Amino acid sequence: MYIREIKLPQHKDPEQFNCLWEVTTNCSYRCRYCAAVKEEKFQEVDSIIEAINYIATKKKMHLTLFGGEAVMHPDFFQILDELKVSSLQVHTNLSKSKSFWDKVARTPNIEIIISYHPCHVDRDEFTEKVLALIKTGIIIKLIVMLDLNYREECLDLFNFFEKLESKHPNLKLSISKIFEQTLDSKDIEWYLEQQVGREDIIVFHGVDSITKKYTQESYLVNNNLNNFRLFKCDAGMRTLVISSEGKFFACSDYRSHNISFTNSKDTGWKEKLEFISEKGVLCRIDKCLCGCNIPKKRII
Ligand code: SF4
Ligand code: SF4
């Protein structure tokens, strides 16, 4: 017997359609634990904006701009001006100036997700920029990356903003660990306590090479497993991931396996998007890192 159908966890709003757009893979930093950053030529954005706005006429679109550092794209303000989505989030390391962020914060329905990377950042300057953004009243999600090489600095910053949380309901604080580092038992206990009652923001900082090896299509075919299990999943009906080159993926795991179903330059993108957003996908990825938390092992 096989698992036949996968339902992604419901968001607070079941009508919500989540789209992630990797605006650029360039970044102002080079964190040693980062798997996302890669130097590239900035890509044109017009056809991607057109595709997103098209979906947003049919779905209640919640769009997240990420990277790299999305705001480094030279057309970033064009993107903000032309997008017509229900709500928008921008991920950033906050390396741009205060005046830049002042302008971004004027965009309607925007939330800013800031990650603190102590290896690159002047803590006082960073704190000042976050405080200025909190004052604008927009939602600010601050993720402190607990880098053990800067343990005390991270904890100080976390404790500082924790004291402000009760006074500023628009500030949502969280702490995330770095994939490659192992916490000792005392730190784990503290770390787990901090997750209770906080918003669950799933952040991955690495790619599991074992998963890749066992789920590549060539592996399945070479091992005569091409009619291996296929699971019906509603990714694509409620989620979409767009790479900086404009390729479209049903979910972030499809992205990491480079299984794209169309791209913004393909003349048939509308039909393909419509098809997938009505039917979902047949998933062949065995061990899912997408956060759906559904065990996909064959049940016999
Ligand atoms: S972790 Fe974030 S800030 Fe650091 S290099 Fe990667 S994208 Fe840039
Ligand atoms: S990898 Fe993607 S398509 Fe497969 S179960 Fe996870 S979310 Fe669904």
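These legends go with a set of close-up views of one predicted model.

Residue numbers start from 1 along each chain as its sequence is written, while chains are lettered from A and ligands numbered from 1 in the order in which they are written. Because the model is predicted, local features need pLDDT of at least 70 and side-chain atom pairs count only at pLDDT 80 or more, whereas totals for chains, interfaces and linings use all residues.

**View 1**
An open sheet of 9 strands runs in the order β7-β6-β5-β4-β3-β2-β9-β10-β11, with mixed pairing (two strands pair if DSSP finds at least two bridges between them). At the edges stand β7 (171–177) and β11 (262–263), each with a single partner strand, so one side of each has no neighbour in the sheet. For β11 the pairing with strand β10 (residues 247–249) is antiparallel, over 2 bridges, and Lys247 sits opposite Asn263 of β11.

**View 1. Around strand β2, with a strand on either side.**
β2 spans residues 16–22 and is mostly covered, with 5 of its 7 residues buried. A residue is buried if 20 or more other C-beta atoms lie within 10 Å of its own, exposed if 12 or fewer, and partly exposed in between, with C-beta atoms placed from the backbone. Parallel to β2 runs β3, joined to it by 7 bridges, and β9 also pairs with β2 in the parallel sense, over 4 bridges. Have a look at Trp21: its bridge partner in β3 is Leu65, and in β9 it is Ile242. Gln16 and Lys60 are 44 residues apart in sequence, yet their C-alpha atoms are 5.3 Å apart.

**View 2. Right-handed crossovers along the sheet.**
β2, α1 and β3 make a right-handed β-α-β unit, meaning that with the strands pointing away from the viewer, the path from the first strand over the helix to the second runs clockwise. Further along, β4 (residues 87–92) and β5 (residues 110–116) pair in the parallel sense over 5 bridges. The chain gets from β4 to β5 through helix α3 (residues 98–104), and this crossover is right-handed. Thr92 has Ile114 of β5 as its bridge partner. β5 then pairs with β6 (residues 139–146), again in the parallel sense, over 6 bridges, with Tyr116 bridged to Val144 in β6. Together with helix α4 (residues 123–135), β5 and β6 form a right-handed β-α-β unit.

**View 3. The largest nonpolar core.**
A nonpolar core here is a set of buried Ala, Val, Leu, Ile, Met, Phe, Trp, Tyr and Cys residues joined through C-beta atoms within 7 Å. The largest one has 51 residues, and Cys19, Trp21, Tyr116, Leu142, Val144 and Ile242 touch the most other members. The largest share of this core, 5 residues, comes from β6. Zoom in on Leu142 and you'll find Ile114, Tyr116, Val130, Phe161, Leu171 and Leu173 touching it, not counting residues up to four places away in sequence (contact requires C-beta atoms, placed from the backbone, within 7 Å).

The peptide bond from Gly67 to Gly68 is cis, with omega near 20 degrees; Gly68 lies in the loop between β3 and α2 (76–82). Leu94, in the loop between β4 and α3, has phi near 65 degrees, a positive value in a residue other than glycine. Leu94 is buried, with 23 other C-beta atoms within 10 Å. Asn109, in the loop between α3 and β5, also has a positive phi, near 55 degrees, but Asn109 is exposed, with 12 other C-beta atoms within 10 Å.

**View 4. Where to be careful with the coordinates.**
The chain averages a pLDDT of 82, and 79% of the residues score at least 70; pLDDT is the predictor's confidence in each residue, from 0 to 100. Over residues 200–221 the pLDDT stays under 50, and the model has 31 contacts beyond four places in sequence for them. Residues 223–228 are also below 50, with 5 contacts in the model beyond near neighbours in sequence.

Technical notes. Contact = placed C-beta atoms within 7 Å.
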